[in-house]
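Hi there,

Here is the structure I promised to pass on. Have a look at it first, and then read my notes below.

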Amino acid sequence: MAETDIKVLKEKMDEASFAKLTAIQNDKLHAFITDAIQVCEPDNVWVSSDSDEDVEYTRKMAVKLKEEAELNIPGHTIHFDGPEDQGRDREVTRYLVPKGDSLSQSLNQCEREEGLSEIRSLLKGSMRGRTMVVRFMLLGPNDSDFSIPCVECTDSFYVSHALNLLYRLGYEDFKRLGEKADFQATMHSSGKVDERKTSVEVDKKRIYIDYSADTVYSVNTQYAGNTVGLKKLALRLTIRKADREGWLAEHMFLSGVHGPGGRKTYMAGAFPSACGKTSTAMLPGETILADDIAYFRAVDGKLMAVNAESGIFGIIQNVSAKNDPAIWDVLTKPGEVIFSNVLVKDGRPYWLGMGEDIPASGENFVGAWHEGMKDDKGNEIACAHKNARYAVALDALSNCDPELNNPNGIELKVIMYGGRDPKAYVPVQQSFDWDHGIVAYGAALETETTFATIGKEGVPEINLMSIQDFVAIPLGKYVENNIEFGKKLTNQPMIFGTNYFLRDADGKFLNGVRDKHVWVKWMELRVNGDVDAIETPTGFIPCYEDLKKIFKDVRDEEYTHEAYTAQFTIRVQANLDKMDRVEKFHHDHVDGVPRKVFEVFEAQRQRLLKAREKHGDMITPDALKK
Ligand code: SPV
Ligand code: MN
């Protein structure tokens with residue numbers, strides 16, 4: 001270690017922390033922590049190991065420093081983010097691009113030296129009067145070839161507490177890896193806070209991704225999506241690493257779906273935030289292995305996958321005892337849960353769509369709240385924020401998959417892509433092959449903005465494979481990597497497109513929220529060769545009889561032929577319009593689009609035109625049945 005590093009570290013740490021840090025032999029790591037100290041100027045630095053005592057210390061400090069408050073149920077706490085810090089902030093999240101390098105123009109970016117100087121001056125002295133916490137974590141399971149070591153320096157014990165619940169502890173892995181630990185680093189400060197401990201200088205909120213140094217900086221924010229470096233900030237760095245190393249990092253859930261005879265089929269799914277990802281991963285009776293980020297590697301021709309995380313930072317809106325029994329159970333019994341931005345009254349949390357009466361007053365993300373309260377624009381403030389969330393460890397759930405921590409991962413058989421598409425795609429369809437699935441469902445994924453990012457809701461947009469916000473390589477290269485990845489697989493998973501948001505001509509949703517379980521069960525049967533399908537211009541769709549049976553078995557519902565026809569009719573014009581939109585998007589906004597993408601779009605367009613000649617503009621499934 002360099003002399004200056006030793007001096008700086010010793011000055012700020014007690015003996016125990018210094019011993020913990022220096023037990024890891026990694027000069028680059030020591031230099032990063034020294035730099036964080038010199039920039040942020042904390043009063044002191046506390047280093048956490050994997051010990052139970054250290055894990056508990058973080059939890060206690062978050063409460064003691066009032067970043068969280070205890071609720072009635074043991075282990076439950078509430079954390080509030082400020083009114084303007086309620087989601088990922090795309091506007092102020094920027095990539096730092098070194099001179100001579102370039103990124104897709106659709107990505108928010110700035111010149112590296114300028115950006116570094118801006119964010120480092122915002123961080124300058126930000127931790128005066130506070131403790132800086134140093135955390136060693138892992139993305140992926142312990143002791144696994146999949147995994148990436150990460151260090152986070154933060155002045156927020158809430159962030160440190162969230163790390164405990166959401167990721168694997170990595171101190172021992174850092175010690176084992178020593179100089180070989182090729183780690184990602186985060187430097188975070190909440191900045192100035194008010195008496196509620198929420199960041200106040202929102203106009204100085206910045207989240208910068210210095211990808212050439214595998215480092216992220218975050219300041220004047222607390223919302224976990226902006227501050228827990230291992231979440232979407234690390235995903236941006238990881239996508240670059242995966243690109244260099246020939247594997248894939250995906251914004252996907254992983255789940256085990258049961259089939260006949262005790263069979264279990266592992267599935268992955270990509271959905272934009274707040275479009276049904278967690279609820280698909282949490283279907284009753286199935287198991288959950290990941291709800292947000294999955295890593296894929298080709299191993300002996302098989303697609304093996306792990307969860308980068310070990311917990312859930314989930315949207316709490318609409319979580320109810322009836323629809324989400326597994327998560328409801330965790331949220332209502334003793335055990336560690338951090339609620340954020342819900343309503344609290346007499347030590348109890350309340351949220352939108354929980355299926356219970358909500359008190360007329362309490363404390364929420366704006367402070368003291370009462371029914372009918374308005375913001376300065378005259379809009380009524382809801383009892384809880386729509387993006388209010390819970391953080392829990394996955395293994396607290398009764399439906400947690402037993403393979404969660406398997407260092408070799410699980411073999412995937414199904415990949416699905418789902419957006420918010422009111423007009424075109426049917427609720428579920430299977431692609432003709434790997435390339436068709438990646439392109440026509442993944443790269444053509446259309447959606448509408450939701451409350452999970454700050455900004456206007458309901459604006460139609462393309463969110464390529466639901467990962468566009470996080471792709472820090474040319475978007476076309478990312479699609480190409482996905483196409484190429486398929487070539488490494490002898491046992492390719494089947495790819496499905498889902499659309500939970502199809503509407504009829506009057507704008508009414510054609511499906512209920514729990515119908516997704518039927519689609520997933522159909523995929524399970526389909527991938528195992530148990531059911532037939534009907535070929536349409538956009539993919540293979542289910543046969544009525546099969547769905548009827550699954551609706552009965554899974555939901556105890558009578559599924560009518562009329563509902564089937566309304567849901568699975570191919571709307572030719574709407575599909576052609578969709579092809580035009582996504583093709584234009586790729587043409588105008590995606591750099592380095594592989595030729596295959598335009599070929600797949602064109603082939604789909606031609607199939608649609610040909611089918612229209614024969615069957616007209618609205619093609620019912622029966623018309624296509626052989
Ligand atoms: C998402 O918005 O996609 C999330 C939550 O999973 S976070 O990215 O952490 O804001
Ligand atoms: Mn997500």
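Predicted model: local features only at pLDDT ≥ 70, side-chain atom pairs only at ≥ 80, totals over all residues.

A definition to start with: buried means under 20% relative accessible area, exposed over 50%, and partly exposed in between, with a 1.4 Å probe and protein chains only. Helices (H or I, at least four residues) and strands (E, at least two) are DSSP runs, numbered from the N terminus.

Residues are numbered from 1 along each chain as its sequence is written, chains are lettered from A and ligands numbered from 1 in the order in which they are written, and side-chain values use heavy atoms, with hydrogens and water left out.

With those terms in hand, helix H12 (434–443) is mostly covered, since ten of its ten residues are buried. Among them are Trp434, His436 and Tyr441. Aspartate 433 caps the N-terminal end of H12, placing a side-chain oxygen 3.2 Å from the backbone nitrogen of aspartate 435. That is a polar contact, meaning a pair of N or O atoms within 3.5 Å; within protein, one must be able to donate a hydrogen and the other to accept it, and residues adjacent in sequence count only if both atoms are side-chain atoms. The backbone oxygen of aspartate 433 also takes part in a contact, at 2.8 Å from a polar side-chain atom of serine 431. Serine 431 sits in the loop between strand E27 (428–430) and H12, and counts as buried because its relative accessibility is 3%.

Now to the ligands. Around ligand 1 (a residue is near if one of its heavy atoms lies within 4 Å) you will find Arg88, Tyr223, Gly225, Lys231, Lys232, His251, Ser273, Asp292, Phe313, Arg389 and Ala452. Polar side-chain atoms lie 2.8 Å from a ligand 1 oxygen for arginine 88, 3.1 Å for aspartate 292 and 3.3 Å for histidine 251. Taken alone, ligand 1 exposes 280 Å², and the protein buries 96% of that; accessible areas come from the Shrake-Rupley method with a 1.4 Å probe, and for residues only the protein chains shown count as cover.

What coordinates the manganese ion (ligand 2)? The donors are Lys232 (NZ), His251 (NE2) and Asp292 (OD), at 2.1 to 2.3 Å. Donors here are N, O and S atoms within 2.8 Å of the metal (3.2 Å for Na, K and Ca), and water is not among the atoms, so sites may look incomplete. Along the chain the donors follow the spacing K-x18-H-x40-D. Lysine 232, in helix H9 (residues 232–245), and aspartate 292, in the loop between strands E15 (287–290) and E16 (294–299), link distant parts of the chain, 60 residues apart. Both lysine 232 and aspartate 292 are buried.

Two backbone angles may also interest you. Aspartate 214 has a positive phi of about 50° although it is not a glycine; this residue lies in the loop between strands E10 (206–210) and E11 (215–219). Asparagine 220, likewise not a glycine, has a positive phi of about 65°, and belongs to the loop between E11 and helix H8 (224–227). Aspartate 214 is buried at 14% relative accessible area, and asparagine 220 is buried at 2%.

Happy reading!
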